[in-house]
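These are my notebook entries on a single protein chain.

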Amino acid sequence: FGSIDAIAGTRDGGLLVYDGEAQAVRLFDSTGAFVRQVGRKGGGPGEHGHLNGIAIAPNGDWIFWDAPGGRLNRYNHAGDFLRQVRLSVSGWFLQD
């Protein structure tokens with residue numbers, strides 16, 4: 001890890017860890033074992049720039065807030081990309 005900028009717990013006791021330096025989200029299971037990378041750096045569907053946060057939806061889906069790209073990416077609890085929503089606001093320093 002170069003810079004841990006966000007961490008979120010999963011419903012099954014795992015962790016999503018966002019490394020801002022690598023612009024990578026890594027999924028770890030409840031034992032701490034690496035499972036997979038979720039999404040990747042870029043500008044297309046399922047890709048992201050610098051994340052400003054990770055939220056867990058009531059059904060367990062993960063939502064990544066990519067402020068520079070002005071979008072929210074949604075993944076299921078296994079880390080598979082579901083959809084992207086573009087927002088009318090964008091910018092590096094848009095927090096929360």
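Predicted model: local features only at pLDDT ≥ 70, side-chain atom pairs only at ≥ 80, totals over all residues.

Entry 1: I then looked up Asp 19 and found a relative accessible area of 2%, so Asp 19 is buried. Its partner in a salt bridge is Arg 26, and the closest N and O atoms of the two are 3.4 Å apart. I recorded five salt bridges in the structure.

Entry 2: two further salt bridges. I looked up Asp 80 and Arg 36, whose side chains meet in a salt bridge at 3.1 Å, N to O. Asp 80 lies in the loop between β9 (71–75) and β10 (81–86), whereas Arg 36 is in strand β4 (residues 34–38), so the pair ties together parts that are 44 residues apart in sequence. Asp 80 is partly exposed because its relative accessibility is 36%. Arg 36, at 29%, also counts as partly exposed.

Next I turned to Arg 74 and Asp 61, which form a salt bridge with 2.9 Å from N to O. Arg 74 belongs to strand β9 and Asp 61 to the loop between β7 (53–56) and β8 (62–66), so this pair ties together parts that are 13 residues apart in sequence. I found Asp 61 to be buried, with 9% relative accessibility.

Entry 3: Asn 73. I asked where Asn 73 sits and found its place in strand β9. Its relative accessible area is 0%, so Asn 73 is buried. The side chain of Asn 73 reaches the backbone oxygen of Glu 47 at 2.7 Å. Leaving aside residues up to four places away in sequence, I listed its contacts, among them Gly 46, His 48, Trp 62, Phe 64 and Phe 81.

Entry 4: Thr 10. I located Thr 10 in the loop between β1 (4–9) and β2 (15–19). Is Thr 10 buried or exposed? Its relative accessibility is 12%, and Thr 10 therefore counts as buried. The side chain of Thr 10 reaches the backbone nitrogen of Gly 14 at 2.8 Å. Beyond four places in sequence, Thr 10 touches Leu 15, Leu 16, Leu 27 and Trp 62. I noted that Thr 10 and Trp 62 are 52 residues apart in sequence, yet 8.5 Å apart in space from C-alpha to C-alpha.

Entry 5: The largest nonpolar core here has 12 residues, including Ala 8, Leu 16, Leu 27, Trp 62 and Phe 64. Strands β1, β2, β3 (24–28) and β8 each supply at least two residues of this core. I followed Ala 8 in detail: outside four places in sequence, Ala 8 touches Gly 14, Leu 15, Leu 16, Ile 54 and Ile 56.

Entry 6: a nonpolar patch on the surface. I found that Phe 1, Ile 4, Ile 7 and Leu 15 form such a patch, with about 410 Å² of accessible area together. Of these, I looked up Ile 7, which is in strand β1. Ile 7 is exposed, because its relative accessible area is 54%.

Note on methods: Residues numbered from 1 in each chain as written. Heavy atoms only, no water. Salt bridge = Lys/Arg side-chain N within 4 Å of Asp/Glu carboxyl O. Buried < 20%, exposed > 50% of the residue type's maximum accessible area, 1.4 Å probe, protein only. Helix = DSSP H or I, 4+ residues; strand = E, 2+ residues; numbered from the N terminus. Polar contact = N/O pair within 3.5 Å; in protein donor to acceptor, adjacent residues only side chain to side chain. Contact = heavy atoms within 4.5 Å. Patch = residues over 30% accessible without salt bridge, like charges linked within 9 Å, V, L, I, M, F, W, Y side chains within 5 Å. Areas by Shrake-Rupley, 256 points an atom, 1.4 Å probe, with all protein chains shown as cover. Core = buried A, V, L, I, M, F, W, Y, C linked by side-chain atoms within 4.5 Å.
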